[in-house]
Amino acid sequence: MTEGFLSSEEYDEQAHRLYDVGDYDGALEMLKEGLALYPNAVELCVGLGYARLAREEFAWARRAFERAMVLDPAHEDAMVGMGEALLRLGHRIEALRLFHRVEQMGFDDDIELMLTMGRALYRDGLYTQARDVFGRAVAARPDSAEAVASLGYALHRLGDDVGSGRQARRALRIDPDLHEARIYLGHLLYDRGDWEGSLREFERVPPVEHWDALAVWRILELKRALWHMESGDARLAPWEDRLRALEELDDPIDRLLAEIESEVAEKDGLALDPSQLELFSGRAEGGREHRVRSPDGHVYRGSWSAIVRQMRDAAGFGHEPLSAFMRRMAERWHEQSGVDVPFRDPEVFLRAAVEYRLMFLEDGPD
């Protein structure tokens, strides 16, 4: 066989393989190379759009999907991708119209398309619409564990914990190895106070398959409480190792915040460069002391950062950067109360916690 260029289909297949293993940069370059040779290949345009979405380059993704839809106005994957890009750019009405059009075209029984639409809606906080899409996917494919589990996630976001648990169990009957659904069920049981049931579900997922740090933290917490284990117990070692691995995953933003924190952690009240505080925290804290009370009556005093640091140390996580601890608490509060507390800035974090009555501000009037 003589050496020559790949066909457009071969470029598309190779890009798919790279995309599936998470090499979005490689997929993007492969698709660009293919489009340079085959500028009218709609599948390459669609693939380019999804690679851009994966890289969170939403405006570029929209442009790629627009190009695909010029080539084929009824291309269902291009329409769904365009809808997701529009959602990410804040154009909800246009996105919903596109999704509705795809279903009207008869693709409501295409499970992958329906799941893609539902997940895009879920990520954008449109839980009612996501529930409806997942519900139709389940009706079309009742044997799809992913569709059933996704319906459960949406129901949980809408406050239907009973329905959510029922769908999670149903998904696990279809596919006992759907780890995401099992971990989700573990969190639901934990929030209901069924500690034994929660631990049982969490432990049925091997440590290496756990990607939710909160779930691993809860396993350790429950083992210590229910089985009276102490740190250093060999039975805790696999879970402690997994939690350490998850917390050490490279996050550029967390690393940057940790570096900033390490420079000021020696002493609270140190004079900081206001421009840096405003850049990384959104506002300079000034010299004012705040007082925040936890539900158990403990009062923390100091700057916003100092209060979060005291909370972290009191909880036994003094080894963590503040950003990691705030993320841990935000995840716990979400699982317990269903609220979303931002965790990138100490003041925003604490004020949101006060707003949701997870903490109580005892400052006097400004």
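Buried, in what follows, means under 20% relative accessible area, with exposed over 50% and partly exposed in between, using a 1.4 Å probe and protein chains only. This is a predicted model, where local features need pLDDT of at least 70 and side-chain atom pairs count only at pLDDT 80 or more, while totals for chains, interfaces and linings use all residues. Residues are numbered from 1 along each chain as its sequence is written, and side-chain values use heavy atoms, with hydrogens and water left out.

I start with helix H18, residues 322–337. Helices here are DSSP runs of H or I, at least four residues, numbered from the N terminus. The expected span is 1.5 Å times one less than the number of residues; for the 16 residues of H18 that gives 22 Å, and the end C-alpha atoms are 22 Å apart, which agrees. Of those 16 residues, 12 are buried, so H18 is largely enclosed by the rest of the structure. The buried ones include Phe325, Trp333, Arg328, Arg332 and Glu335. After H18 comes glycine 338, with a positive phi near 75°.

Helix H17, residues 304–314, is mostly covered, with 8 of its 11 residues buried. Among them are Trp304, Arg309 and Arg312.

Now the rings. Phe, Tyr and Trp rings (six-membered ring for Trp) pair if their centres lie within 6.5 Å; planes under 30 degrees apart are stacked, over 60 edge-to-face, the rest tilted. That rule gives 7 aromatic pairs. Tyrosine 122 and tyrosine 127 are edge-to-face, because their ring centres are 5.3 Å apart and their planes are at 70°. Both of these tyrosines are buried.

Last, arginine 218 lies over the face of tyrosine 190, 3.8 Å from the ring centre.

Note on methods
Lys NZ or Arg CZ within 6 Å of the ring centre and 35° of its normal. Helix = DSSP H or I, 4+ residues; strand = E, 2+ residues; numbered from the N terminus.
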